[in-house]
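Subject: Structure handover

Hello,

Here is the structure I promised to pass on. Please open it and keep it beside this note as you read.

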Amino acid sequence: MSSLLRLATAGSVDDGKSTLVGRLLYDTKSVLADQLDAVTRASVDKGLSTPDLSLLVDGLRSEREQGITIDVAYRYFATPKRSFVLADTPGHVQYTRNTVTGASTAQLAVLLVDARKGVIEQTRRHAAVLALLGVPNLVLAVNKIDLVDYDEATFTVIAEEFAEHAASLGYERGSVLAVPVSALVGDNVAEKSDRTPWYSGPTLLEHLETVPVAPDPHDSAFRFPVQYVIRPRTADHPDYRGYAGQIAAGTVRPGDEIVVLPQGLRSRVESIDTADGPLAEAGAGTSVTLLLTDDLDISRGDLIAAADRQPTVTDEITATLCWLSAKALKPGARVLVKHGTRTVQALVGELHARFDEQTLSSVDDPATLELNDIGRVTLRLAEEIGVDDYGVSPRTGAFLVIDPKDGDTLAAGLVGERFA
């Protein structure tokens with residue numbers, strides 16, 4: 001079982017997401033004494049008799065004043081069984097783009113609903129975004145179960161409705177769990193509640209501690225975006241030429257045959273250097289410097305890949321875009337595409353379809369993509385790049401679309417057709 005779980009939270013406004021995250025931090029003893037004292041004082045000032053745990057996570061002053069979450073915040077906590085990196089994402093519709101950011105690396109997502117309201121439009125939108133991003137596991141936290149008198153029938157209706165929606169998005173029943181919780185009181189968050197005797201499943205924390213998470217498969221094709229070329233040219237290292245970066249996928253060993261893209265140059269790995277000395281093998285997520293047996297013309301932005309399992313080299317990609325800008329996207333727009341460590345100019349071609357997350361259908365040939373829209377688009381690049389389908393290799397199947405005028409991020413892109 002993996003010792004680290006990356007998870008994201010999502011939910012609509014006032015579903016109690018910040019309180020749930022605060023409860024997790026509090027119950028796992030991940031809150032410093034001075035933080036808790038500050039929250040207790042602030043809660044007293046608000047006229048509350050118990051600490052308002054949402055104040056532990058609503059860090060921005062504007063968030064506290066409005067009682068909402070605006071930005072993505074990363075929280076770190078641990079239990080004896082596992083460590084966690086939690087991306088706390090906003091619930092407002094206009095901040096859906098922040099949910100995309102927070103969930104992009106998640107192995108599990110906790111999606112909250114208010115037991116009094118059930119599955120609503122924003123719930124369906126978040127679930128659709130999570131499915132498009134390929135988040136493999138979902139937890140539906142039916143919060144505020146205390147406000148419906150811990151009613152089993154209410155919980156069952158919500159759980160079954162969401163399970164049906166998740167199944168239509170491609171989730172298997174085994175990858176979706178519904179839990180009745182009260183973040184305010186603590187029911188079924190870290191401790192089993194005797195007020196829900198009809199619920200026989202794990203608490204939320206128990207599930208987070210035990211859910212199987214597949215690590216990066218060792219049989220994934222090797223991918224290494226070159227970040228920097230190291231040429232010391234010193235008396236000790238007159239001919240040293242190393243290529244530094246972080247392994248995006250797969251593993252590499254000395255002697256492996258590689259190809260440098262988009263040029264198509266071939267060589268073999270001579271050695272793998274790190275700050276702590278050479279390695280006999282390095283895997284995804286490891287920052288290394290590769291030395292090759294041949295002296296090749298390689299620069300930042302090139303992709304070193306397994307010679308026998310190469311990505312597609314192309315100057316035209318069809319991709320799913322999560323549009324993140326208030327500026328509408330139209331065919332013919334000139335943009336920058338940042339893929340790995342390479343940034344190239346691009347022209348927006350056809351807008352093939354826009355995904356309707358409510359009906360789970362697509363609208364063909366939209367005139368534009370607006371803020372928070374998800375659409376399938378063709379981009380024509382000024383230079384070739386080496387890409388994988390996002391479903392095969394997320395790190396080399398993802399990219400950013402950038403405004404060349406001001407450098408603002410316009411969209412997150414996923415190579416391939418993520419919806420029909």
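First, the ground rules. This is a predicted model, in which local features need pLDDT of at least 70 and side-chain atom pairs count only at pLDDT 80 or more, while totals for chains, interfaces and linings use all residues. Residues are numbered from 1 along each chain as its sequence is written, and side-chain values use heavy atoms, with hydrogens and water left out.

**The whole chain**

The chain has 7 helices and 22 strands. Both are DSSP runs, numbered from the N terminus: helices are H or I with at least four residues, strands E with at least two. Of the 420 residues, 52% count as buried. Buried means under 20% relative accessible area, exposed over 50%, and partly exposed in between, with a 1.4 Å probe and protein chains only.

**The mixed sheet**

Six strands form an open sheet with mixed pairing, in the order β2-β3-β1-β4-β5-β6. Two strands pair if DSSP finds at least two bridges between them. At the edges stand β2 (73-78) and β6 (176-180), each pairing on one side only. From one strand to the next, the twist averages 25 degrees. Inside the sheet, β1 (residues 4-11) and β3 (residues 83-88) run parallel and share 6 bridges. Threonine 9 stands opposite aspartate 88 in β3.

**The antiparallel sheet**

Another open sheet has 7 strands, ordered β7-β15-β11-β12-β14-β9-β8, with antiparallel pairing. β7 (223-225) and β8 (228-230) are its edges; each has a single partner strand, so one side of each is left without a neighbour in the sheet. Neighbouring strands here are turned by 40 degrees against each other on average, direction ignored. β11 (residues 257-261) and β12 (residues 265-273) are joined by 4 bridges.

**Helix α5**

Helix α5 (residues 121-132) lies across β1, β4 (108-114) and β5 (137-143), at about 175 degrees to β4. Axes are lines fitted to C-alpha atoms, for helices over the stretch in contact, and angles run from 0 to 180 degrees between N-to-C directions. How many residues of α5 are buried? The count is 10 of 12, so the helix is mostly covered. Its buried residues include Gln122, Arg125 and His126. Glycine 134 follows α5, with a positive phi near 80 degrees.

**Helix α1**

Helix α1 (residues 17-27) is also mostly covered, with 9 of its 11 residues buried. Among them are Lys17, Arg23 and Leu25. The cover includes β1, β2, β3, β4, β5 and α7 (204-210). Just after α1, lysine 29 has a positive phi of about 55 degrees.

**The core**

The largest nonpolar core holds 40 residues, and Leu133, Val135, Phe162 and Tyr171 touch the most other members. Such a core is a set of buried Ala, Val, Leu, Ile, Met, Phe, Trp, Tyr and Cys residues joined through side-chain atoms within 4.5 Å. Elements that each supply at least two residues include β1, α4 (96-103), α6 (152-168) and β22 (409-415). α5 gives the most, with 6 residues.

Best wishes

Definitions and conventions:
Contact = heavy atoms within 4.5 Å.
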